[in-house]
Each structure stands twice: as C-alpha cells, then as structure tokens.
There are 2 protein chains.
Amino acid sequence: MKNSINYSYEALKKFCTDAFLKFGFNKDECDIIVDVLLTSDLYGIESHGMQRLVRYHKGIEKGLIKIDAKPEIVFETPVSAVIEGNDGMGQLLGHKAMSLAIEKAKKTGMAIVSVRNSNHYGIAGYYAKMACNEGLIGMSMTNSEAIMVPTFARKAMLGSNPIAIAMPAEPYDFFFDASTTVVTRGKLEIYNKLDKPLPDMWALDKEGKKSSDASDVLKNIVAKAGGGIMPLGGETEQSGSHKGYGYGMLCEIFCSILSMGLTSNHTHIGGKGGTCHGFIAIDPAVFGDAGAIKEHLSTFLQELREAPKADGQDRIYTHGEKEVFAYKDRMENGIDVNIGTVAEMVDLCKYLDMDIKTYLGEEAEQLTLQKSSYDM
Amino acid sequence: MKNSINYSYEALKKFCTDAFLKFGFNKDECDIIVDVLLTSDLYGIESHGMQRLVRYHKGIEKGLIKIDAKPEIVFETPVSAVIEGNDGMGQLLGHKAMSLAIEKAKKTGMAIVSVRNSNHYGIAGYYAKMACNEGLIGMSMTNSEAIMVPTFARKAMLGSNPIAIAMPAEPYDFFFDASTTVVTRGKLEIYNKLDKPLPDMWALDKEGKKSSDASDVLKNIVAKAGGGIMPLGGETEQSGSHKGYGYGMLCEIFCSILSMGLTSNHTHIGGKGGTCHGFIAIDPAVFGDAGAIKEHLSTFLQELREAPKADGQDRIYTHGEKEVFAYKDRMENGIDVNIGTVAEMVDLCKYLDMDIKTYLGEEAEQLTLQKSSYDM
C-alpha cells in the first residue's frame, strides 16, 4: 500500500475551504483558516497542516472551539492590545491580532497584542510572516497544553511554547519558528508510529527519568500522569535545560501573563481550552533606513550560508531557506499527504456529508473501503 | 595554598571604583561600571565580575575601549533610538541605552534602543533588571566576538549572544539571562584550568567535529582557526541545534542589524571591537492592571516551584531565584574571589600605582611575592 497520496494545492484548498464552510465559518474566515493550514503543508511542516484537521474537528465537536465566537478587545493603547478570544478558532484570532499589531506598528513603530482564551492557531511562523510581508519584523508565540517538563520537575508545566520571528531579507526572508521544547509532540507521535526508540535527550517518564518509550510518554501526557518533553537543552543544566525552560517562560509572559489568560498548566483541563498567544510587530524604519537594514541582514545571511562547512556537510542553512524551497516544490509538484491523514480526511468527508471521490479522489475512496474491511 | 580570598562587597567596591577613577573615568561613570561588575559577583556569576577586570584593562590599554568616547544618538523616535557608541565602555553605553529605553517606555508603553560600536558590557541581565526595578519588563541582548558555530558549519559566526529578560514578581522577580550557545567561553576556560574533558555537546574542533579538548578549542578560538562552541541544542537538528542558532540570530537582529553595526563575525578584527547591544523596555500597564499582571506571574512562578520534582531532585528553580539567594549570602558573608583573579587584581594595582595591601590585604600582597618567586 502507498504511504501517501499526492494532492495539488488547489485540490486541498477546495476540500479544506468547503469543509470549514460546512462547519459554519463564513467564506472570509475559511480563507484565513485554510491559508494558515496549507501554508504549513507548503512549508513542509506537515505536523501543523492537513494532519491537524482531525484536531480542529474534535475541538469543534467538543465545543472547545466556538464557531460563532466574537473576540473582544478588552484593553488597548496605540502600541498594545489584549484580545479576549471567547474560545474562537485560533487561526482567526491569530490573524485578527497580528493584523491589529501590524496596523498599530505602522503608525507608532511597534506594537504588541496578547490574546487569551483562544485555541490552537497552527504554525506560529504564519503570523510572524504576515508582519514580514508588510516590511516589518514579526514575532509570534503561543502557549499550549502543558507538555514541557521544567528542569528538575517531573510534571509538564509549560507548553511546547514556540517562538517565531520573521524579518525581510533577500533572496529569502529570515524566518525562524521553533518550539522551546527540544522537539514537539508530533515528533514523538512519528517515532511511536514507526516503533522507534526516542533519542536520549527528548522525553521523560512519569517519574521524571529519561525515557525512550514514545508510546508510554504519549500515554502519560494524555492522562496527565506525569513526564513529558524536555526543554531545548535537555534535562540537565550542563546541557542547557534551564535555557529552553527560560525561553518557554519568555513565551508564556507575552501570551498568558500579559493577557491575564491561562498559563499552559491550566489550559485544556475540564472541557476548557484557554490557549493564549502573543504577537509583536516592529517597523525597522524607526531605526533608520529600512532598505539599508534589510540589505545588512541579507549580507549577514549570505555570509552564514557561505561560511566554511563542517566535515561531511555541504550546506549551511539560514532560517527560512528550507521553507522557500519546500513551498516552490509543493506548489509545482503537489503535496504528499500521508495515508493516515487521508483516512482522517475521508472521515471528515463522511461527517460533513462531502463526496469523498469528488474531493479526495478514487484512491482515497478505496482507502476507506479497505479501512472499513479492517474494521469488520 | 588557598583557592580564594574573601572580600566584603565594600572592599571590592572601593578597589574597583578607585581603579576605574585611575583609568580616567569620572565618579558617576565609575559608579555605573562598578555596580554592573559587582552585581555580577553578587549574583554568583563570577565569570562576568572581578574576573573580567583584566579584559577591561587590556581593552583600555589597546585602545579598543575609549575612555573619553562620546556616544551619539544617531536616530530616534518616541519608541526607538540607535546609539553610536564610538568605542565607549560597554557598561556606560548599556546603562545610557537602557535608561533611554525606560524613559521612552514610561511615556509610550514600549521602546527599543539598539547600540553599535560598544564593548563588552558585563552581564546582559543587569540592564534587563534596570527596567524591572522600574516596574517594566526589561530585555537586554548583546553580540560578541564570534564563538558560536552555526549548525553544519565549522567556523564561529555568531557570538555567545545572550538574551536576558526580567519582569517584576513576588517574592522574587523573574530574571532570565543566558547565552544562546550551550555554554559560554568562561565554562571552557574553567574546564581547561581543571584539565577536565569537555562534555559531549559543547564544543567543536577546527574541522567542525565534536571536541572534548578545552585547550585546543580555546586556542583555535583565539587564533580564529575554526571551531568554537555549539549553539544551545548541540550540533544536530535532532537535538535542536538550529534552535539555539535561531535564538542567536534573534539577538543579532536587535543588536547589530537594527543598529547597522558589526555582526559578530566582523567584530574584534584588526584592532576594532564593535560590539552591539539591544535593549527593550515594556510597561505592563499598557496591557491592563500592572499589579494584577505581576500577581498573575507570581502565582505561576510559585506553581512552578511547587510542581512535583523529578526522582532524586528536591527543588525546582524559577529564573532569578538563585541570584536572590547568592546576593543575600554574599552581601552578608563576602565574596570569594578566586586566587587567579586576585593575582590579576594585584597586577592592576601595580599598573595603576595603587597600594596592594591597602586595597587587597596582606594575603594578596604575599600572593604576589609568592607569584614573583615562581617567576624567578
């Protein structure tokens, strides 16, 4: 059996848009949600694209995500705002908040918008890139269900807490988007599916000891039984554990603290989501000639790419470069969606009464028959 | 022989102040420089206190640090400024720049000041704490002589590039200050002195391969022969190397890029320093009730300290806690200055024609005789 089915960008866009329309979002909202999701797949970050559809589906079903939520700006100054998300869709709140930060930064030079009571918003980098596309420095952060175990603890207290930053440069923008944990939960799920032992510096069992057992760690995370993923830098101060934990805290400050929202350890408990985000936009023009600053960054990035390589390496990447190539490739050659995700998309078609063959093709339709036969 | 001599805070303050007066700084300037240096020792960050005196001495001697430098604000808006440091003392430029950021943030809500052509400014956290002491969120970053080898490279291209953030909380402020490399050069120097092999994920030799040989790595760094220290996250993407490299880039953007200064790979070449810094001040009051926000952070920090501990651990630290206890202890019981550093302080006394016994005591005076006898 094939491991994946290749779909064109247009085909996935049509499927996704119609699915979110069926959920009850309006056309403008669907355009935003779908753009966030598909940008992730186009960038090669599969974990946050089509693969997350099932999560949004469940979130809507359970009432964690409220389709009719009306966000409110509860505090505002010319350089800042706090948005009460009222359990709305994360992508819509993220887009609204970063748009507001951009609007303010264009007037004042810089702005920060903090959002509470939202939901999973896709890739953090999407929103950083929104500012970058307007010639600004963009930063985007989010907390999440607790998954990071602080140094010397055995209980997850912070989320994967990604920090993204994007800044205009030639020939590619600088674009950095990474969790402050050593890896994300998605990576553990992949190791689990492949039945591979986890690398040494990734995860902790429920006693707070190193674990290579992906299945056990994931089970404990879901049950909130203890353990989780290590901060970037592992579990000891010698390898810098307290630093990853510190960057996780930085993220928490801009997301849950400034918005008076839920810190990661209190989100996703008792039928409540409560995810918080933070968005920063800065106009380089308040530091001088924005064109010259962009050129200065571009020169440094080029010097990095051209620096002497380590023995056995033939390329040094600057952040954002891989995404540029992945985007181009996938727009031209389509997006390979893994078969497990396609099965979830088939389920979604059934749930939303969408024709499987029309949206996902004959192969997917057969996949479901095959799957059904396994079920019997 | 003793490994260290214990001095009171007051004794070190007197010695340091008089030394910088002798170098030609005025009393107000000396107060700032000495406070930055001694705060580091009081916080337990020995690598950046008295131990750095020799570096400032050499910097002044070589003309890298210009005592009469007049900093200029070359670009300014209500939320931002760029300061041309004209090779001034890092502590003075740092203090001036953060003071300006604080002043602006109190009026506008937030501000960023970027500084070019400065010198080593001590601990990044000092300046973050300045803002915190005024009820603001403070951030401080600096680039430095290239020491971080980017993922897949074999040449150091970024500095140790610390990022510090401080925010008011009870009973201790949140205070995070860490290099974006897995460790700093100071740690390698300690391993070298003790003749200990370096841990696996710290350093690279001149071919870009893992090295446990502190002496060889340090020699190559000085000679700019290749190799250096790994980013936080080590040398592979599996352990998150690209993330530490990314945080190093974030630092570089706020320091050298926005100020149009020298990126780390161009500093400290050909008799030029060129260090750049970045300072951010944010007033929590532009997000709502600053008192409530402070309480919210304090609650989260308390929850972290009280979280279940890993097997074999009895304490979870929040960032800034260790410094609070070190400060209290050293103010009460004095500061142990290691004997190598005392020897450097004795040299400085001789150079500046200061009476060794008066400033550093009989033990130190004997130390120099002993040292001299070794020299013969």
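Biologist: Where in chain A is A:Lys224?

Modeller: A:Lys224 is in the loop between helix H7 (214-223) and strand E10 (228-229) of chain A. Helices (H or I, at least four residues) and strands (E, at least two) are DSSP runs, numbered from the N terminus. Before we go on, this is a predicted model, where local features need pLDDT of at least 70, side-chain atom pairs count only at pLDDT 80 or more, and totals for chains, interfaces and linings use all residues. Residues are numbered from 1 along each chain as its sequence is written, chains are lettered from A and ligands numbered from 1 in the order in which they are written, and side-chain values use heavy atoms, leaving out hydrogens and water.

Biologist: OK. What is the phi of A:Lys224?

Modeller: Positive, about 50°, although A:Lys224 is not a glycine. Most residues other than glycine have a negative phi.

Biologist: And is A:Lys224 buried, exposed or partly exposed?

Modeller: A:Lys224 is partly exposed, because its relative accessible area is 41%. The cut-offs are under 20% for buried, over 50% for exposed and partly exposed in between, using a 1.4 Å probe and protein chains only.

Biologist: What about B:Lys224?

Modeller: B:Lys224 has a positive phi of about 50° too, and its relative accessible area is 42%, so it counts as partly exposed.

Biologist: Switching topic: which residues does the cis peptide bond in chain A join?

Modeller: A:Glu170 and A:Pro171, with omega about -5°. A:Pro171 is in the loop between strand E6 (163-167) and strand E7 (174-178) of chain A. In chain B, a cis bond joins B:Glu170 and B:Pro171, again with omega about -5°. Most peptide bonds are trans, by the way.

Biologist: Now A:Asp18. Which side chains does A:Asp18 make polar contacts with?

Modeller: There is a polar contact with the side chain of A:Lys14 at 2.9 Å, and another with the side chain of A:Tyr359 at 2.5 Å. A polar contact is a pair of N or O atoms within 3.5 Å; within protein, one must be able to donate a hydrogen and the other to accept it, and residues adjacent in sequence count only if both atoms are side-chain atoms.

Biologist: Why does A:Asp18 count as buried?

Modeller: Because its relative accessible area is 14%. A:Asp18 sits in helix H1 (residues 9-23) of chain A.

Biologist: Which side chain does B:Asn265 make a polar contact with?

Modeller: The side chain of A:Glu303, at 2.9 Å. B:Asn265 is buried, at 14% relative accessibility. Leaving aside neighbours within four places in sequence, B:Asn265 is in contact (heavy atoms within 4.5 Å) with A:Phe300, A:Glu303, B:Ala146 and B:Met157.

Biologist: What does A:Phe254 touch?

Modeller: Beyond its neighbours within four places in sequence, A:Phe254 is in contact with residues including A:Ile112, A:Met141 and A:His277, plus B:Met139, B:Ile165 and B:Ile282.
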